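Here is a short briefing on one structure.

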Amino acid sequence: MTATITETKTGWPDRINEAARKLTQGYALVVIIAFAASLAVGLLILAALGVSPWQALSVMINGAFGSRMAIGDTLVFMTPRLMTALAALIAIRCGFYNLGAEGQLQLGAVGAVLPATMLPHSLGLLLLPISLISGAIFGALWGLIPAVLKLWRGANEIIVTLMMNFIGIYFVKYLVEGPLQPAGSNFNMSAKIANAAQLPLLLPGTRLHLGAVIAVVTAALLWFLLYHSTFGIRLRAAGLSPRAARLQGMPLSRLILSSMLISGAIAGVGGAIEVLGVQYRLIEGFSSDFGFDGLAVALLGGLEPLGAVIVALYFGAINSGTIALQSVLSIPSAMAMIMSGLPILFLATIQGFRLVKGRK
Amino acid sequence: MSFDPITISLLLAAAVRLSAPMLLASLGELISERAGVLNIGLEGLMLFGAFGSVLGLQESNVPMIGLLSGALWGLGAAAILALAVALLRADQIVIGIGFNILALGATSLLRQEVLNPSYNAPSLRAISIYRIPVLDHWPIIGRAFFMQSPVFYGAVLLAVVLGLMLKYTRLGLIIRAVGEGAGAADAAGVSVTALRFGAMAFTGLCAGLGGGYLTIVASGGVFVDNMTGGRGYLAVAVVIFSRWRPLWILAASILFGCADALQYQGQAIGLSIPPPLLLMSPFVLALVAWVLMGKGKTGPGEIGLPFLRGQK
Amino acid sequence: ADQIEVAGLFSGNVTQGNWDPPGYAAFTAMAKKYNFKPSYVDNATYEAAPSILRQMAGRGVKMIICHSSGFSAAIEEVAKEYPNTQFVLYSYASDTAGLKNYSAWSVNWDQYGFVTGAAAAASSKAKHIAIIAGEEIPSAKRAVEFTVKGAKSLVPDIKVDTVYVGSFTDIAKAKEIATGVIARGVDVLIPSADLADVGTQQAAEENQAFTIGSYMDQSKDYPDAVVTSTVLNFNKAYDQMGQFFTEGKLNGSIYTMDLSNDGWTMATPFRHVDASVQAKIFDLMSKIGKNQVSVE
Amino acid sequence: MPPDPYLTLTAITKAFTPGHPVLDNVTVAFRRGEIHAILGENGAGKSTLLNILFGMYQPDMGGILLEGREVIHRSPADAIANRIGMVHQHFKLVPTFTVAENLRLAAPPAIRPSLARNADIARLADSFGLSIDPKAIVSTLPLSLQQRVEILKALINKAELVLFDEPTTILNPAEIAAFYKVLRQIAAAGRAVVVVTHHLNEVVDHAQHASVIRRGKLISSGPVAGRAREDFVRDMVGHEVDLSAALDGTGEAPGAVRLSLQNVSVAATPSSSGLRDTSLTLRAGEVVGIAGVEGNGQRELFELVAGALTPDSGTVEAGRSHADGRPRVGLVPEDRHQEGLVLDLPIAVNLLLNKIDEAPYARAGRLNHAAITARAEEMRAASDVRSRNVHVTPRILSGGNQQKIVLARAMNEDADIIAVYQPTRGLDVAASEEILRRLRDAANGGRAVLFISSNLDEIMRISDRIIIFYAGRAVGEVNGRASREEIGALMTGGAAH
Ligand SMILES: Nc1ncnc2c1ncn2[C@@H]1O[C@H](COP(=O)(O)OP(=O)(O)OP(=O)(O)O)[C@@H](O)[C@H]1O
Ligand SMILES: Nc1ncnc2c1ncn2[C@@H]1O[C@H](COP(=O)(O)OP(=O)(O)OP(=O)(O)O)[C@@H](O)[C@H]1O
Ligand SMILES: [Mg+2]
Ligand SMILES: [Mg+2]
């Protein structure tokens, strides 16, 4: 995504913040238009299939926000996508095109499940933080590999991270088919994690767990890091203009390494959260393309933490809303995919169009 | 277990057969990428092609028309994608991701609405195998390279033609220019928009044909949801791995096919490596090779960037 | 009065393949017969399953039938929160976590595999058969194990190849594998990879080999290849679910579907083979049903 | 009676943002046989005017008359079809292509056969006095050679009307002379030539017609004959400017050695000779000019001084250094978009990029926005950077204002040395004067200034000593009063050793 050229209104507070700027530039409006347009197309298709669009709409909204349970689900679906989006954006802001959040998430899940299933239960409440940190470390190390390969061998990070996604996915498959599968198991999954390692539920009667809070807090921390720390400003400078940054003495290699460490750690924690808060075990295929979803979320959110939160929330709502569509109106699951694909297409197209118009 | 000549010959033949859809899609993707468009939507394009070819086959009962229909569906789907990317400058990666999700849903819905579940395809042997006389009896490679679908021979020819085209023709020069310096091409009077649109349309045609090969040649005319199963993403990887050179794409596709084939040819001859590790092997192999090859060209300079005239 | 709502949860697409469509048909027939209001979700993933179950139960669905053993973890998680909803699993369960509202109709897959293997072995002239399986999941591995046992019980010197496609949808790969094993001398194949089975069937048809169909009679689709098919009695199981539910008898039990209670059978007549083969297999089945032969 | 215009731009109006026209009702006519100069300050609208003619932008109002016939240029393709060629201010070259490929790409069908072989291309380039290796990859060429390629692209296409947007910014005097010789030939052949330039002597020496644009309005357009440099400057800026203001040193002897290079060598690259056993000292209070044709080691010299490059052999001593070992030097790099600025970060951050992790701008890794803004506003006022505030990004500023930011940062570095590379490239008369004066003041205030440039005039005006680089060596040193001829000879390797 090319940075748009903008100007703050005079009189804005000193702490200018690109996120707020992009949003005031009508980005929120774009999101709304895209959502409305895809909803319209989706409802048209539904009408063609013989379903009343209004009923479908109300079922979807109900399914996403209509009850405590619905809101809980929406947030649970939001969480992994937000984590991978944050992982993608911190790396991309440093100029490192990390498409590898999926693989880092997979490794993070492995990192979390090992202590959560193997350490003695007597560790009690320590088990949870240990598992989260272990997930972060696994993700970070996995994320470090493409950075090292780039700096050491000049290997293109797009291909390396893409390949490492597949390696990560098959590695998890290998683990749950073999080494991590408890004897006598009926499924390809690890043993259940210790109770103490589970992320606490936040709202009774819902699936909402502490992971959602971790994700939002991570977004806030990242925002602080990007806009209020010297590290963040160096990272952005290095991403936007590596040659200028280098001449002013900014250590490019170290910045890339640390941004990928952070990126991998965030994705890793995202994977850990899925294990510790949702599945309670490592299951093959536990991620339904969270990595790619997250990348779309990051880019659609303008590579801003706040934007990522908003777009991820919206993806979460789409997920819970279309499940309601299926279960209440028995609409084929294909419709759910159409309804998640369309807004991405519309959003990106409108954004592109704005880019062209802005330059005419 | 043993690696006797017959096993190797079977393995190679299977590798080549399994690589053909990827080869076709990769060659298509190559042209987009050379023109500066990273077309992540390849997976979706293949899926549309796969669906379209079965529809064509069902309506005509002629395998060739099925393949053609697949290519045209790929082309049509690519035109929509190109509208967003080349004309409206949508972000290439985001659009690709969204398109793939949409394609998965759309082809499934279409299948349920228009494909006849109990349709019985006619014999597809004519386009599944064409033995090239004499050569097909060569030991080891005869079966692999000279007992294939005519579509595969076509794909090999296409790789050669594309290689020559990119290197020696004006069209090739222009495609490369648009990918390496769109501003310069524009100033030289080339329509970057039209060229990228055309390149993406060609990608759609090839990916659609790849999808058609997958259903008609390799799956006997049956479409199932998500039948491409990641081949499109792999094809993108193949292009980058081959460093944007057509003949390397040919080699790399077969290499990926080999790892694929080894997975079960290995099982059949009693090689006991856990399947996930075998599935993983082409990626590890590609990664190691990529890293060993070291610093090289990192791809068309403007890949992934929208073209905006008058940008500093 | 309002109709009682029941729901089905399917892991695949209810319009494709030979596992979910017959299950869905049985589900619909049952709902009609007992005057329930039916709804369903297909292509349900692990990620979404608990949420789907909660949504259904929270909305007041009184019985939710999950048509795949893969959903057992999700049921165990959700069922305790919704004591007023009955959760039913079809396919396989070894226990129901002591929950009163979680029952299962469990196919005896050991018998199933054993007989399938025997049927293939009895049909093979080359004494060389192959199992083309999908992904290497524990239930598949166990089925393969018993298939081999069944084959050897009838033909002790039979050679059995087992190959996993690594996918339940990749027809092209299944076809490639099947073609390969036929080239190695296999003349009867056991497709066991769900949607990808199409590839195995095609390879057999094109290369004059035979197959044993699965879950429903597939001889119409592949007349040149299919010797016989296993036929699961989905209708009976689903009908029982409807009946027990109506009578308030669902109580956390596991109902086994096997040869002793018409849980499944094999399609007749056997084709492409001597009549003696069919006789031999039905004899084996009835002995197993009467516990005269143990599949252990 | 002048001949009828070949092409007329009539009443062109263009606004990128509504209400702020960049061009306001501009009408100019270009004639065959003439070199037509267009003058104006940075941001006056010169490039925009030519870009509209070439189809890069669409005018809001007004149109184009070609030999009296109305034409519409929707894209460069239309302009090319009407036999118009253009040399762009920001080169339009494919960086990974060879010179030959770039030329072939731009060639219309009729010309292509004559470019089929590299030897033909080399000969053609020679015939224009702009020799070049057709097989060289453009991105490996120094900017001055890239500019040659950009010019050649337009020359070989035999266009009827050729537009040159600042074609000579980094050419050396000999190249500039050769270039204008070619332009005169083109004009003499009955074709039309338009040149945008900031170098007034080029206008006075070579152009027949000159138009001046100020803030989007056409101020004057007429024959050059009889007009002096001062007249043009008045039209451009709206008031008198003294171009001969002194840029002299204090007259005191230079002070302590601040920078010393001893026998340094750096390996050669395809685009540069590298450095070969070069020594050089720089003292407090003096401006040392480095003259030479691009690619003779200047780039390496700058990077060595900046600490971005370590020599293969020899030593660089620059007195005080940063915590990470880099020498403390105020830097004005060659390419202000890529190396000088982070175009998409606020001006405030750019002004303090070198100090952003020091107190009071940061404490414990946390930015102090108030301190940054306060200091940046001070610097902006002191350097007269014309922007609304320090929160906008430099991307929307003109080149002159962008360069003021880079210079302000260099001066703000608490360093004894300031190293500048092409500091006035592409800047207008007034902006250039301002930059030169500030650098001279810095030296007079006791700092040491290393002044690398391909603009001999400004080197001669500002420098106390001039060192001439050729093939990676310092081949001669003259004082600031030396003659152009003497220096020119050394630059081309002619004299000295
Ligand atoms: N792409 C653009 N988008 C918005 N405004 C632009 C754009 N390009 C130019 N401008 C506006 O046009 C004005 C004139 O720019 P132009 O490039 O024509 O100046 P110029 O006379 O060529 O200056 P210079 O001597 O620096 O090359 C600028 O002040 C700016 O406001
Ligand atoms: N994308 C843009 N948006 C807004 N204004 C722009 C844009 N691009 C250029 N401008 C304006 O154009 C003017 C001149 O632009 P131009 O690129 O010609 O600068 P310049 O002075 O020639 O710089 P240089 O030659 O050093 O790159 C500036 O005043 C700037 O405000
Ligand atoms: Mg200009
Ligand atoms: Mg300029």
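How many bridges join strand β4 of chain D to β5(D)? Three bridges join them, and the two strands run antiparallel. The model is a predicted one.

**The sheet in chain D**

- Four strands form an open sheet in chain D, in the order β2-β1-β4-β5.
- The pairing in this sheet is antiparallel.
- β2 (20-30) and β5 (69-71) of chain D stand at the edges. Each has a single partner strand, so one side of each lacks a neighbour in the sheet.
- From one strand to the next, the twist averages 30°.
- Strand β4 of chain D spans residues 61-66. I64(D) stands opposite V71(D) in β5(D).

**The helix on the sheet**

- Helix α1 of chain D covers residues 46-53.
- Helix α1 lies across β1 (7-17), β2 and β4 of chain D.
- Its direction is at about 115° to β1(D).

- Helix α6 (residues 157-177) of chain A meets helix α11 (residues 231-241) of chain B, with axes that come within 10 Å.
- The two axes cross at roughly 140°. That angle makes α6(A) oblique to α11(B).
- The crossing of α6(A) and α11(B) is left-handed.
- On α6(A), the contact is made by I158(A), I159(A), M163(A) and F166(A).
- On α11(B), Y233(B), A237(B), I240(B) and F241(B) make the contact.
- Of the residues in this contact, eight are nonpolar, none is polar and none is charged.

Methods: Residues numbered from 1 in each chain as written. Chains lettered and ligands numbered in written order. Predicted model: local features only at pLDDT ≥ 70, side-chain atom pairs only at ≥ 80, totals over all residues. Heavy atoms only, no water. Axes fitted to C-alpha atoms, helices over the stretch in contact; angles between N-to-C directions. Parallel < 35°, antiparallel > 145°, perpendicular 65-115°, else oblique. Left-handed = near helix turned anticlockwise from the far one by under 90°. Contact = heavy atoms within 4.5 Å. Nonpolar A, V, L, I, M, F, W, Y, C, P; charged D, E, K, R; others polar. Pairing = 2+ DSSP bridges.
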